[in-house]
Structures are given as C-alpha cells and as structure tokens.
Amino acid sequence: MSESARSLQYLRREAGAFAHRWKGTTQENANTQLFWAEFFQIFGVDAKRVVLFERHAERLSTGGSGRIDVFWPGEFLVEQKSLGKDLNKATSQAFDYLDGLPDRELPHTVVVSDFENFEVHDLSSSPIRVTKFKLNQLPQRIALFTWMAGYTRRPSVLTGEHEANRKAVKKMADLYDALAQETLSDHFTSVFLTRILFLLFGEDTGLIERGLFAQTIRDRSAADGSDLGGLLADLFQVLDTDPKERSPRTDEMLLRFPYVNGTVFSEIIPLTHFDRTMRDALIAATDFEWGQISPAIFGSMFQSVKTKQARRELGEHYTTERDILKTLGPLFLDELHTEFSAAQFSVQKLRLLWEKLGQLKFLDPACGCGNFLVVTYRELRELELQIMERLQELTGDAQTGLVDEGLGLKVSLSQFHGIEIEEWPARIAEVALFITDHQANRRMMETVGTAPERLPLKTSAKIVRDNALTIDWSWVVAASDDLVIVGNPPFIGISLRTEQQTADLQAVWGAGYHGSLDFVTGWYKKATDFVGKHESRIAFVSTSSVCQGEQVAPLWAPLLDHGFTIDFAHRTFAWTSEATGRAAVHVVIIGFSKREGREKQLFHYPDIKGVPELTLVKNISPYLVEGPSVVVRPQSNPLSPSITEVRYGNKPTDGGYLLIEPADYASIMADSAAAKYVRPFVGARELLHDEPRWCLWLVDLDPADYKASPLIRERIEGVKAFRLASKAASTRESAKTARLFRQIAQPDTEYLGIPRHVSENRLYFTAKRFKAEVITGDANFLADDPDGLLFAVISSAAFITWQRAVGGRLESRLRFSKLGVWNTFPLPALTESRREELIAAGKAILDARELTPNRSLAAMYEPNAMALPLLKAHEALDRIMDAALAGRRKLVTEEDRLAALFKLYVDMAC
C-alpha cells in the first residue's frame with residue numbers, strides 16, 4: 001500500500017495487528033531490530049533506508065561510549081530493553097546519548113521500551129511531553145507516530161510561525177489572482193476557493209489520505225490545465241456522494257476520497273476553465289504544508305486577496321489570536337480554568353464542569369472568517385480534554401465518559417453561531433471551524449487514545465449570511481444566561497459609511513440615535529436589546545472612540561439605565577492584524593453584562609504596543625477608568641465656580657478681504673489710513689506654529705479714513721459682494737456691516753486663546769495668552785483671562801487628562817469642546833490662596849517659554865524634546881492642581897487623576 005493510502009483507520013488496524021503479533025516478546029538482543037523494522041513498516045517507512053541500528057555514540061556523563069539501539073538521525077531515537085528492565089535508567093541512557101549528538105542529528109522523539117511498556121518523549125513540546133502506554137494500546141496511541149506517514153510535519157523542520165503564515169497568505173493570494181482570469185461571480189469564486197481550502201488542509205491533517213489531492217491533480221489532469229476544471233467538478237460531486245451511491249465507473253483515485261456531506265460540496269457551481277498558469281498555481285498551493293497553519297489565520301488569507309477599497313468599505317479587521325485571547329480570557333475562559341483548578345480532586349465537580357461546557361452557547365454577530373469562534377472552540381475542546389484526562393486519573397477508567405457515538409464529548413460545533421454579511425468569509429468560517437474540530441480530535445486521540453470520526457459531517461456550526469444590524473438574532477440562537485456574545489464588529493467612521501450603513505445604524509438606535517455614534521455601536525445596541533433580562537456575557541473589540549468624547553453619553557447612558565455594567569476592559573492599545581497591509585487602529589476591549597458580584601478587571605497599557613498591567617477594581621466607568629458608572633453630559637455653563645466661560649473666536653466670513661497674508665502686508669502698511677487698522681491675527685495654525693498673519697480690524701473705522709483709502713473701500717466692497725453671494729440669509733444680511741467680522745467676540749482685556757484641535761501626543765494642552773489688540777479667529781476659542789488663572793487651569797495635566805477622556809477627536813487629534821470639556825471640567829471652588837498659587841505657577845510656565853523665544857508653541861511641546869525648565873514648571877503647576885482636586889492624596893498617573901476628576905464630577909453634577 002502506498003504512503004498516500006495510509007489512512008488513520010489503516011494505521012490503527014496495522015498497529016493492532018503488530019501488537020498482537022509481538023505480544024509476549026521479552027528479549028532485547030534477539031528481537032529489537034526486527035521488532036522496530038516491522039514497527040516502521042506500519043507507517044510506510046523502509047528501515048533499511050533511514051534507520052541505523054546499534055549506532056555508536058558518546059556518553060558524556062561517563063566519558064565512555066555506547067550504542068543507540070534504534071536511531072533515525074534528526075527524527076527518532078529508541079533505547080530498547082528486555083521485559084521488566086528499569087525504564088528510568090533507559091531514559092537516562094537515551095538522554096545521555098543526546099548530549100553527544102551534533103545538532104543536525106538531534107531527534108524530536110525519544111522512545112524507551114521493554115516491548116510491553118512504552119514511554120514516548122516529545123522533545124518538540126515545551127515542557128517535554130511524556131506519554132506512557134502498553135503495547136496493546138498502540139492503536140489508540142497511533143497519533144504519536146503518524147508524522148512518519150506524513151500527517152504532521154514536526155516542528156523541527158517547520159519555518160517560524162510568522163513566516164509560515166506569510167507564505168500561506170501568499171499561496172491563497174496567488175490562487176485567487178490565477179482564478180481571477182475566470183469570469184466566475186463572487187459567489188461561485190467563494191464556493192470554489194473554500195472547497196480548495198478544505199482539500200488543502202484535509203490532505204495535510206489526515207482528514208483525507210496524505211497527498212491524495214495533489215496526486216490527483218498531477219496524475220489525472222493535463223499539463224496545460226485544459227481538463228482540470230472538469231476533474232475538479234467530478235471530485236466535488238464525489239465528495240458530496242455517499243460511497244454506496246457512487247458510480248462504479250468513477251475514477252479509482254476519486255473513489256479514495258471520503259464522503260463529506262454537509263454544505264461544503266453540495267452546491268453545483270459552473271465549470272471552472274483552467275489553463276497552465278492556473279494549474280501551476282493550484283499545484284504550488286498543494287506543495288505547501290497547510291497542517292502547520294492555525295485555522296484562525298484563514299481571515300488574513302481572505303483579507304489579503306481583497307482590495308484596500310473593499311477592506312475600507314466593509315470595515316474588515318482580523319484580530320490576532322493574542323488579542324482574541326485577551327477578550328476570551330476575562331470574558332469566560334479564565335473563570336472556567338479557575339473552576340477546573342478547584343475541581344482537580346473531585347470527580348463530581350469535574351463532571352459538573354464538563355456538563356457546563358456543553359451548556360454554553362456562543363454567538364459572534366460579525367464573525368468574518370470565524371477567528372473568535374475558532375479560538376473559542378479550540379480552547380473549550382482543550383479544557384474538555386484536560387477534564388477527561390483528570391477523570392481518567394481519578395477513576396482509573398481509561399474509557400471514562402467515552403460511551404456514545406460522540407465519545408461523550410460535551411463541546412460541540414452546534415454550540416457555535418455566527419452572523420456575517422459577506423459570503424466568502426462566512427464560508428471560510430464554516431471550513432475553519434470544521435478543521436479546528438478535526439485538529440481537536442487528533443489531539444484527543446493522542447491524549448486519551450480515541451476520538452470521534454467526523455466524516456461524513458453530521459453537526460456543524462451555524463453561520464448565517466445576513467446583515468447583523470437588520471436580522472433578528474433569535475433566528476440564529478436563543479438568548480439565555482448561558483449565551484456568550486463576542487466579536488470584532490466593523491470599524492467604520494462617519495465619513496466612510498454608506499447611506500445604507502447609516503440607515504441601518506439609525507434603525508437600530510431608533511429615537512436614541514446620535515450623529516456621533518460609530519458604526520460599531522450598532523452591535524452594542526443590538527446585543528443588549530437581544531439579551532434583555534438574561535445574564536448573557538458580551539464583549540467586543542472596538543475603536544477607542546466608543547469610550548471617548550461625545551459618543552459616551554448616547555452609547556453608554558441607555559446601557560447603564562438597563563442594568564448593564566462593565567465587567568472588564570482593556571484600555572487603549574495598538575491592535576494588530578495577521579493580514580498584509582494591516583490596518584493601523586487603536587482599540588479597546590470591553591466586556592459587559594448584567595451579572596453582579598464580580599470583581600472588575602481593568603487592563604492598562606504603559607506601552608500601547610506592549611503587555612498590559614491588570615488592576616482589580618470595584619467598578620469601571622464608561623471612560624474605562626476606575627470610578628462610578630456615570631457619563632459626562634454637555635453643560636451650557638461651567639460646572640466649576642472657579643472658571644469663566646469660553647466662546648468662539650471672531651469669525652470673518654470675508655472671502656479673504658479682511659485677512660492679510662504676509663505677501664500683502666507691506667503694501668497695506670504703505671497705505672497710511674489702512675495701516676491704522678492692521679492688527680495681528682491668530683488662527684489655529686498661527687497660534688501653534690507662530691506664523692505671521694494680520695487682519696483689518698475696522699470696528700472703529702473713521703469715515704475720513706474710509707474716504708481717504710481706496711484699499712479700505714476695495715476690501716469692504718469685496719467682503720460685501722462675497723456675503724451677498726451666499727445662500728444663507730443670515731450671511732447676506734451681514735453684508736450691511738461688511739467692514740466688520742461677521743461674528744465678534746474679541747475681549748478688551750488679556751485673554752486665553754485655545755486651539756480647537758491639538759495633537760494627541762502632547763503632554764499638555766497647548767494654549768496661549770494674548771493681549772487685547774491680538775485678534776483671534778474662529779479656529780480658536782477664547783476666554784477673558786486678565787489674571788492668568790484660566791491659562792493655569794488649561795495648562796495642567798489634569799485638564800488634558802479630562803480632555804482625552806471626555807473630549808471628542810478629529811481623526812486622532814484632540815478636539816476641544818466648550819460644552820463637553822470646558823464646562824464639565826470639575827474644578828472645585830478655589831480658596832484665594834490656592835488661586836494665587838495657580839496663577840503664579842502659570843506665570844512660571846510663561847517665563848519658561850520665554851527662555852526659548854525662537855521656538856513655536858508646537859516645537860516647545862514636542863513630547864520627547866520639551867525643555868527641562870518648561871517641563872519642571874508644568875510639574876510644579878501639576879502639584880498645585882492635583883492638591884486642589886484630591887487634597888493630600890497624591891495623583892501619579894493619568895488613571896489617578898481621572899478617578900479624582902470623576903469623583904468630583906459626580907459630587908458636583910449629579
């Protein structure tokens with residue numbers, strides 16, 4: 001029988017015959033070589049070609065030498081003893097030989113045996129995995145050796161995980177590009193490539209005969225690919241046909257393929273017409289070792305063959321396994337593992353936990369290619385396997401629980417549900433879950449000696465192809481206390497949404513819709529409405545915006561009002577994708593439910609690309625800090641009695657006629673009448689980058705100067721014409737006062753200029769004080785600040801911390817808000833002495849700025865290059881402000897300041 005025909009069933013059958021034939025063997029010297037030569041034959045390995053018997057080797061511990069009984073360089077080493085000999089000594093002897101071998105010959109598997117008892121040491125696992133069994137159990141332990149038949153390439157010959165993933169993605173992209181020469185619809189392309197993916201993984205993981213798919217293409221199709229489409233169509237039909245119903249005239253090679261059943265091969269699709277290039281691309285894909293790739297990478301393969309425009313429109317973001325586990329761990333997995341640890345010595349508790357695993361239901365309502373479902377299923381099956389192993393140890397029954405067709409398994413694909421709007425990822429999700437189930441079964445066979453056969457398919461996950469924001473989720477799965485809703489809904493900003501997506505979001509929120517809400521919030525609303533009174537657990541990966549600025553109140557207020565609380569959260573960190581051309585996104589992970597009595601877990605990232613630090617807290621606010629569950633709502637007046645209001649700067653609406661650019665400055669100053677009315681003008685750019693600009697400020701225009709200056713008359717007429725051409729009636733009305741800015745807010749005292757937007761990277765908010773003769777435009781806010789108190793307040797670390805938490809964003813930049821940030825800043829009433837301290841500290845900051853007069857404000861506040869005197873001046877101000885907020889309690893981190901600020905906000909606003 002050829003290697004490709006060595007199915008798992010065949011290997012188990014041959015192993016059973018081998019065990020029966022060698023039962024009762026006792027003598028090492030007489031039987032070792034024949035015993036192991038026949039052993040290798042089970043897997044199609046010719047011992048004469050690859051195996052060395054009695055290989056001379058050094059023993060470093062003794063300084064002497066010895067002979068390795070059975071040695072396959074780079075793969076396999078056996079130390080064989082006679083029946084009843086001490087296998088511990090045999091193990092020491094075998095490992096002693098390893099120290100004297102060159103690196104290229106080091107095996108990945110070491111076996112010690114006395115013909116009746118076997119100990120297999122897997123050196124490729126960390127820590128080394130040791131499996132013990134008896135000769136008659138070899139059929140059940142056959143998975144330990146199936147690598148010899150090509151089912152699994154050992155880690156010693158694998159490329160690195162990242163490199164393997166990269167190559168897999170490239171293979172899929174190449175195959176897609178080759179197939180693009182056909183005129184198949186997206187639907188049929190999805191079906192076709194999903195089937196190919198199934199076969200590629202199937203032949204490399206023991207689901208079908210090793211190499212059978214590749215051999216079929218090579219042996220049964222012409223080199224020019226002209227007949228390959230027809231061959232694949234026949235193969236797809238065979239895979240969907242029960243062997244009893246297959247035509248006896250079917251090609252013998254096709255008959256060797258298993259019956260799959262299910263939906264993978266059931267649909268009839270148009271014939272795909274191949275050429276040489278397409279055939280070569282498919283053969284190249286079969287040459288790759290797909291068994292080394294986690295099904296969780298399928299999403300990245302899918303993403304990599306889509307255009308950037310498609311990724312943007314669909315909001316496709318595929319999360320890494322690391323980030324998926326950040327979500328699943330605190331959501332439910334950690335709790336299950338804790339229960340498992342507590343049940344280690346109780347059969348009853350273990351059985352109850354086992355039953356619990358089978359009662360859980362999972363829904364990913366934006367499942368994409370199924371990454372979350374794949375990792376969840378894999379982790380649950382692994383925990384189930386640990387429970388089974390422990391039950392065997394406690395009861396001494398090797399077949400504990402393995403009583404029915406499913407071998408007693410509680411965890412089933414039928415517990416897993418997904419909703420996905422796009423067909424291709426939905427189909428890949430189905431295949432990925434089936435492959436994950438198959439891999440879990442192989443792991444089970446290695447561990448407990450048996451596993452269920454899944455072909456033909458009888459159960460599968462339920463992946464519904466529909467719009468999650470319009471479908472009734474109860475059609476997919478019933479809401480219950482045992483339901484877990486988890487996923488990574490699409491990130492689509494307002495400017496990138498289609499009209500349909502906006503309409504869907506509005507329909508979900510109904511009367512509660514707010515224009516600032518991100519598309520992802522539709523899943524929050526649907527999930528909470530769906531679970532109702534149940535204690536279902538929910539967790540989503542989302543953009544950081546859902547916990548910042550003006551989104552917080554419309555999103556979280558209704559959730560809090562309906563009894564939901566945040567159970568755990570990962571504060572902002574850099575999300576990464578396995579896909580090429582990965583999107584750059586900062587995200588949060590939020591888990592929430594109606595469950596009570598749990599300590600909350602808050603994960604903070606000192607480095608947003610690094611490892612999180614965990615803090616256990618009593619409550620997590622919607623701003624993802626420890627504190628009360630309140631939302632900050634816009635205020636029409638300042639909440640603090642210690643600060644005054646800010647207002648928009650002066651708005652020209654002039655068509656450029658009242659503003660003076662550097663190129664025009666000299667000519668205007670040459671006009672003696674006009675020169676009287678030239679004032680420095682500061683927009684946001686001028687404020688931050690110290691760039692020169694001026695304006696004509698004609699509030700007190702003398703009629704004589706008007707008559708004397710053609711330039712003034714020309715500019716005023718230009719403003720008038722510009723305003724009269726406006727579609728807005730109010731703008732046309734303002735043409736009557738064309739010499740004036742349309743809106744005037746200029747103070748007659750020193751004032752604070754506040755840019756509308758500043759970099760999110762600043763340590764402090766970059767504001768500036770101006771004298772009354774400097775005119776501030778409407779790209780800034782301004783506030784009367786004769787003594788400098790407001791400058792001190794806005795220059796504090798406490799203020800920019802508040803800004804980051806409750807303020808909005810323009811892209812990633814911080815967006816100052818009069819109603820939402822300034823008016824809500826909870827600065828308590830200041831004593832006169834505290835007020836004077838703050839004013840003095842603010843003046844010290846201005847003095848420190850004067851030490852570098854040639855630097856712009858933006859340059860001064862470059863985060864990694866702030867001058868030391870300026871930094872120290874700010875730190876001195878922070879100590880005073882922190883004392884005003886928290887008394888004697890020291891505020892060290894951003895979280896400390898936010899906790900203090902939210903406490904004050906609750907006291908002052910609620």
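Modeller: Let's start with helix α27, residues 797-806: 10 of its 10 residues are buried, so the helix is largely enclosed by the rest of the structure. Keep in mind that this is a predicted model. Buried here means under 20% relative accessible area. The buried residues of α27 include A797, A798, F799 and I800, then T801, W802 and Q803, and finally R804, A805 and V806. In general, an α-helix has 3.6 residues a turn, so residues three or four places apart point the same way.

Now zoom out a bit. The chain has 910 residues, and 55% of them count as buried. Its secondary structure comes to 32 helices and 26 strands. If you take the contacts with a separation of 6 or more, 72% are between residues 24 or more positions apart.

Loops can be buried too, and T766 shows it: this residue sits in the loop between β21 (757-758) and β22 (768-770), yet T766 is buried, with a relative accessible area of 0%. Leaving aside residues up to four places away in sequence, T766 touches L687, L688, P755, V758, L857 and Y861.

D481 has 47% relative accessibility, so it counts as partly exposed. On the surface, D481 gathers with D482, E535 and E596 in a patch of negative charge.

Technical notes
Residues are numbered from 1 along each chain as its sequence is written. This is a predicted model: local features need pLDDT of at least 70, side-chain atom pairs count only at pLDDT 80 or more; totals for chains, interfaces and linings use all residues. Side-chain values use heavy atoms; hydrogens and water are left out. Patches are made of residues with over 30% relative accessible area and no salt bridge: like charges are joined within 9 Å, nonpolar side chains (Val, Leu, Ile, Met, Phe, Trp, Tyr) within 5 Å. Accessible areas come from the Shrake-Rupley method with a 1.4 Å probe; for residues, only the protein chains shown count as cover. A salt bridge is a side-chain nitrogen of Lys or Arg within 4 Å of a carboxyl oxygen of Asp or Glu. Lys and Arg count as positive and Asp and Glu as negative; His and the chain ends are not counted. The place of a charge is taken as NZ of Lys, CZ of Arg, CG of Asp or CD of Glu. Buried means under 20% relative accessible area, exposed over 50%, partly exposed in between (1.4 Å probe, protein chains only). Helices (H or I, at least four residues) and strands (E, at least two) are DSSP runs, numbered from the N terminus. Contact means heavy atoms within 4.5 Å.
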